Amino acid sequence: MNTPARGSNEPQRARMGIGAIAAVFLRMGVVAFGGLLLLLVLIERELVDKRPALTKRQITEAVTYTRLLPGSGGPLVVSYLGYVLRGVGGSGVATLMYLLPGILVMTGLAVGFVAISTLPLLSPAIEGLLAAVVGIQTVYLYRFARKAIIDAVTATILVAGLCATLLLDVSAPLIVLLAGIVGILLFTGSLGAEVAE
C-alpha cells in the first residue's frame, strides 16, 4: 500500500517483525497523550529516524487517507501504518498495543476518580502538561506544513482550507474531500498541464 518502488530514490526500508511493531506502538501508547500531532512526532522519530521502516511521505499519506474516516485520528493512523509495515496482522497488533495503555489508564481513572480528583497537585500538573503538548504540536504542525506546502498551488489549497474551517465552519472531512478533488484536477488533469506551463 503506497510503499516506494524498489528502484526509487527512497532509501531501503527495514522490515519489522510483529514483536518489534508491538513494542514500538506500546511505547507510543504510553507517551502519546495530547493528540494526533504528538503521535506523528513519535512515529517519525521511531519509524523514520531511529529505524528506517517508514518514509515521511507514508506518514503524510496515512494522515491524509484517514481524515475522511470517522473516529479518532491517532488510532486510524496507527492502524494504517501498521498495515503498511506488516499487513493485517501488523495493523491489528499496532492498534491494540497503541490503545492498550490508554484503556488501562482510563479504567484505573474511572475506578479511582473520586480519590484522584482530591489530590491538590493534579490541577497544576494538568495545566503544565497541556502547555507542553501545545508546544510540541505547534512544532510538528510547522514541520508537517513545510513538507506538504511545496508550491503556490498547495499554499492556496492550505489558505482555502483554513478559511473554510475558520470562517465558514465547514467540516474537516468535506474539506479533505474537496482538496483531494482539486488536487486530482490540478495535478493529473488538463488543469494540471495548464498550471505546469
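Modeller: Buried means under 20% relative accessible area, exposed means over 50%, and partly exposed lies in between (1.4 Å probe, protein chains only). This is a predicted model: local features need pLDDT of at least 70, side-chain atom pairs count only at pLDDT 80 or more, and totals for chains, interfaces and linings use all residues. Numbering starts from 1 along each chain as its sequence is written, and side-chain values use heavy atoms, with hydrogens and water left out.

Colleague: Is Tyr-80 buried or exposed?

Modeller: The cut-off for buried is under 20%. Tyr-80 has 11% relative accessibility, so Tyr-80 counts as buried.

Colleague: What geometry does the aromatic pair of Tyr-65 and Tyr-80 have?

Modeller: Rings of Phe, Tyr and Trp (its six-membered ring) pair if their centres lie within 6.5 Å; planes under 30 degrees apart are stacked, over 60 edge-to-face, the rest tilted. The whole structure has two such pairs. For Tyr-65 and Tyr-80 the centres are 5.8 Å apart and the planes stand at 65°, which makes the pair edge-to-face.

Colleague: How many residues apart are Tyr-65 and Tyr-80?

Modeller: Helices are DSSP runs of H or I with at least four residues (strands: E, at least two), numbered from the N terminus. Tyr-65 is partly exposed at 39% relative accessible area. Tyr-65 sits in helix 3 (residues 56-66) and Tyr-80 in helix 4 (residues 73-117), so the pair links distant parts of the chain, and the separation is 15 residues.

Colleague: What distance separates the C-alpha atoms of Leu-85 and Ala-14?

Modeller: Leu-85 lies in helix 4 and is buried at 7% relative accessibility. Beyond four places in sequence, Leu-85 touches Arg-15, Met-16, Ile-21, Phe-25, Leu-47, Ala-53 and Leu-54. Leu-85 and Ala-14 are 71 residues apart along the chain, yet their C-alpha atoms are separated by 9.2 Å.

Colleague: How close do the N and O atoms of Arg-27 and Glu-46 come?

Modeller: A salt bridge needs a side-chain nitrogen of Lys or Arg within 4 Å of a carboxyl oxygen of Asp or Glu; the count here is six. Arg-27 is partly exposed at 41%, whereas Glu-46 is buried at 11%. Arg-27 in helix 1 and Glu-46 in helix 2 are 19 residues apart. Their closest N and O atoms are separated by 3.1 Å.

Colleague: Which residues are linked with Arg-27 in a network of salt bridges?

Modeller: Among the residues that Glu-46 touches are Arg-27 and Arg-51. The network links Arg-27 with Glu-46, Lys-50 and Arg-51.

Colleague: Which helices hold Glu-44 and Lys-56?

Modeller: These two form a salt bridge, with the closest N and O atoms 3.7 Å apart. Glu-44 is buried at 7%; Lys-56 is partly exposed at 37%. The pair ties together parts twelve residues apart in sequence, because Glu-44 lies in helix 2 and Lys-56 in helix 3.

Colleague: Is Arg-57 buried or exposed?

Modeller: Arg-57 meets Glu-61 in a salt bridge at 3.2 Å, N to O. Both lie in helix 3, four residues apart, about one turn of the helix. Glu-61 is buried at 11%. Arg-57 has 60% relative accessibility, so Arg-57 counts as exposed.

Colleague: What area does the nonpolar surface patch with Leu-68 and Leu-174 have?

Modeller: Patch residues have over 30% relative accessible area and no salt bridge; like charges are joined within 9 Å, nonpolar side chains (Val, Leu, Ile, Met, Phe, Trp, Tyr) within 5 Å. Areas come from the Shrake-Rupley method with a 1.4 Å probe, and for residues only the protein chains shown count as cover. Leu-174, in helix 7 (residues 172-188), is partly exposed at 40%. Together with Leu-68, Leu-177, Leu-178, Ile-181 and Leu-185, Leu-174 makes a patch of about 520 Å².

Methods:
Contact = heavy atoms within 4.5 Å.
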